[in-house]
Number of protein chains: 2
Amino acid sequence: MTLSAIAKRRQAQLEALIDAAEARIIAEGVASLKARDLASDIGVALGGLYNIVEDMDMLLLKVAQRTMERLDAALEAGAASVVADTPRAAITQLVAIAHAYYDFSRNNLRLWRALFEMRLKNPDLPEWNRQAQLGLFRHMNAPLAHLRPEADEAARTLTARTLFAAVHGVVVIGLEERLIAVPAAAMKQQIEWLVRAACEGFVSPA
Amino acid sequence: MTLSAIAKRRQAQLEALIDAAEARIIAEGVASLKARDLASDIGVALGGLYNIVEDMDMLLLKVAQRTMERLDAALEAGAASVVADTPRAAITQLVAIAHAYYDFSRNNLRLWRALFEMRLKNPDLPEWNRQAQLGLFRHMNAPLAHLRPEADEAARTLTARTLFAAVHGVVVIGLEERLIAVPAAAMKQQIEWLVRAACEGFVSPA
DNA sequence: GCGCAGTAATGAACATTGTTCAATATTAAA
DNA sequence: TTTAATATTGAACAATGTTCATTACTGCGC
């Protein structure tokens, strides 16, 4: 077997492992991921897992990376659904992004939750994970630049973070069915209200 | 020993146990709470823990209850620091409540995090815990009633939830030092901007 | 083809934890 | 003081991530 064939095999094993982990998270939530289950899922002995990933935390991080890539694409699509040629349209675009975030979370509930429920032994996230997280804010740059052309880069970044965080909070609490389940339509209304209200002050009076 | 003396002893043990758990959470975070450590902290055999609480989850819930009581008091104090006799003052009061939430979270970081990082085996929260969580929203009722006297109870409750959730999200992301640490002053500014912007639309134009 | 060096896979063993429960100790009442 | 009820103990168990000595395999030089 050539060297690259070995590497390919490893890659295939890794992908099978991530697939299996995703499937189990979707089916039962991240808390019930078991090393032994995964090993049996992909037809490998228990110890073999540690030839594919260094430990369970790394596997969770790889699953998270995939989820964030899909989330990123969803936010991109949300942004692309609106042409932001005026300040008001920029706000509508921000609403679309926020709605895309909510929809993604609702439709990928367990994978999305896994992003936050990971309790890693080592609290320092690898750089690629940090970058993926920070990258999620970038979709708001363009509309915010329309809305606040006078603000510098740092101010816009901070605004983007705060707006994203606010929407995130509403989504988190809204999908926390342990308290009160709010219907999706009401959630979307609330999100739209929040984003519009937050941005209203940026648009110069007509 | 009389019956009430026995009950008192149990109560004292329970309080010592909760104290010990709090201290360990403050010192090392909720993830490193160990049954054996706690048993030794309060001078009881390992198995003795299960005469005091039914399991670790229940202990965590009791710690959470205490934390929520203190948070509730902090929000109350924040609200009381402003007299809301006008709509504008009502907004200022909401800002004070939001700032109180941020300050509490920052000053009780690990206990506050423990509220969300608890991963209970049984996902159904006991009723007293649900009530404590829902009760946190009540501080916003009075100022929101000032701002939206026309809205009915349900609408106000939903607004309160959304506003609280938005602030919560900003605080969560802001205190997540795994990404970028935002200075406290900037955080407070962002929170104030968010709350004021969200409420601006409610106050009738002068 | 054949044997060999190096690599990969295996699964038994280990470490850590929460939880249980039979055995022991304690205590209040008679 | 005896006794029955209760409380406490800690050894044992179960679940789970991780390690590592052993085994199996695989490509390469002869």
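1. Is the crossing of helix 4 of chain B and helix 7 of chain B left-handed or right-handed? In this model, which is a predicted one, the crossing of these two helices of chain B is left-handed.

2. Concerning the interior of the chain, 32% of the 206 residues of chain A count as buried. Where contacts in chain A join residues at least 6 apart in sequence, 69% of them link residues at least 24 apart.

3. Concerning the contact between the chains, chain A contributes 26 residues and chain B contributes 27 residues. On the side of chain A that touches chain B, the elements giving two or more residues are helix 7 (127-135), helix 9 (153-175) and helix 10 (184-200) of chain A, and the largest share, ten residues, comes from helix 9 of chain A. Sorted by class, this side of chain A has 15 nonpolar, six polar and five charged residues.

4. The same surface serves both copies, since 100% of the contact residues of chain A recur in chain B.

5. Concerning the helix pair of the opening question, helix 4 (residues 56-80) of chain B packs with helix 7 (residues 127-135) of chain B at an angle of about 25°, and their axes are 10 Å apart. Because angles under 35 degrees count as roughly parallel, helix 4 of chain B is roughly parallel to helix 7 of chain B.

6. Concerning the residues behind this packing, helix 4 of chain B brings Leu61(B), Ala64(B), Gln65(B), Met68(B) and Asp72(B) to the contact, while helix 7 of chain B brings Trp128(B), Asn129(B), Ala132(B), Gln133(B) and Gly135(B). Taken by class, the residues of this contact of helix 4 of chain B with helix 7 of chain B divide into five nonpolar, four polar and one charged.

Methods
Residues numbered from 1 in each chain as written. Chains lettered and ligands numbered in written order. Predicted model: local features only at pLDDT ≥ 70, side-chain atom pairs only at ≥ 80, totals over all residues. Contact = placed C-beta atoms within 7 Å. Helix = DSSP H or I, 4+ residues; strand = E, 2+ residues; numbered from the N terminus. Nonpolar A, V, L, I, M, F, W, Y, C, P; charged D, E, K, R; others polar. Axes fitted to C-alpha atoms, helices over the stretch in contact; angles between N-to-C directions. Parallel < 35°, antiparallel > 145°, perpendicular 65-115°, else oblique. Left-handed = near helix turned anticlockwise from the far one by under 90°. Buried ≥ 20, exposed ≤ 12 C-beta atoms within 10 Å, placed from the backbone.
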